[in-house]
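My entries follow the order of the look-ups.

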Amino acid sequence: MSAAVEFETQIDGELIKGWVVKDGSSYRAYGDFRGERIDVRNTTQSGAESKWRDKANHKANE
């Protein structure tokens, strides 16, 4: 596993920090949003970040 890279995104008016790390042959994006851990995987770094944002947006709209 390599060192985590921080990313920031705006979700429902909140600036949220997350991290993405290469884990074997995939990338894992993780971070906390409204008290819950969101942890996703994808084959690319940008894909993992995008998937993380999608899950956080879904949570914001629940």
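**Entry 1, conventions.** I worked on a predicted model, in which local features need pLDDT of at least 70 and side-chain atom pairs count only at pLDDT 80 or more, while totals for chains, interfaces and linings use all residues. Residues are numbered from 1 along each chain as its sequence is written, and side-chain values use heavy atoms, with hydrogens and water left out.

**Entry 2, aromatic pairs.** I found two aromatic pairs. Rings of Phe, Tyr and Trp (its six-membered ring) pair if their centres lie within 6.5 Å; planes under 30 degrees apart are stacked, over 60 edge-to-face, and the rest tilted. Phe-7 and Trp-52 are edge-to-face, at 5.6 Å centre to centre with 80 degrees between the planes. Phe-7 lies in strand β1 (residues 5-11) and Trp-52 in helix α1 (residues 45-60), so this pair ties together parts 45 residues apart in sequence. I took helices (H or I, at least four residues) and strands (E, at least two) as DSSP runs, numbered from the N terminus. Phe-7 is buried at 7% relative accessible area, and Trp-52 is buried at 0%. Buried means under 20%, exposed over 50%, and partly exposed in between (1.4 Å probe, protein chains only).

I then noted Trp-19 and Tyr-30, which are stacked at 6.2 Å centre to centre with 25 degrees between the planes. Trp-19 belongs to strand β2 (residues 14-23) and Tyr-30 to strand β3 (residues 26-33), so the pair links parts 11 residues apart in sequence. Trp-19 is partly exposed at 30%, whereas Tyr-30 is buried at 17%.

The largest nonpolar core has 12 residues, among them Phe-7, Val-40 and Trp-52. Such a core is a set of buried Ala, Val, Leu, Ile, Met, Phe, Trp, Tyr and Cys residues joined through side-chain atoms within 4.5 Å. β1, β2, β3, β4 (36-42) and α1 each supply at least two of its residues; the largest share, four residues, comes from α1.

Leaving aside neighbours within four places in sequence, Val-40 is in contact (heavy atoms within 4.5 Å) with residues including Ala-29, Ala-48 and Trp-52. Asp-39 lies in strand β4 and is partly exposed at 40%.
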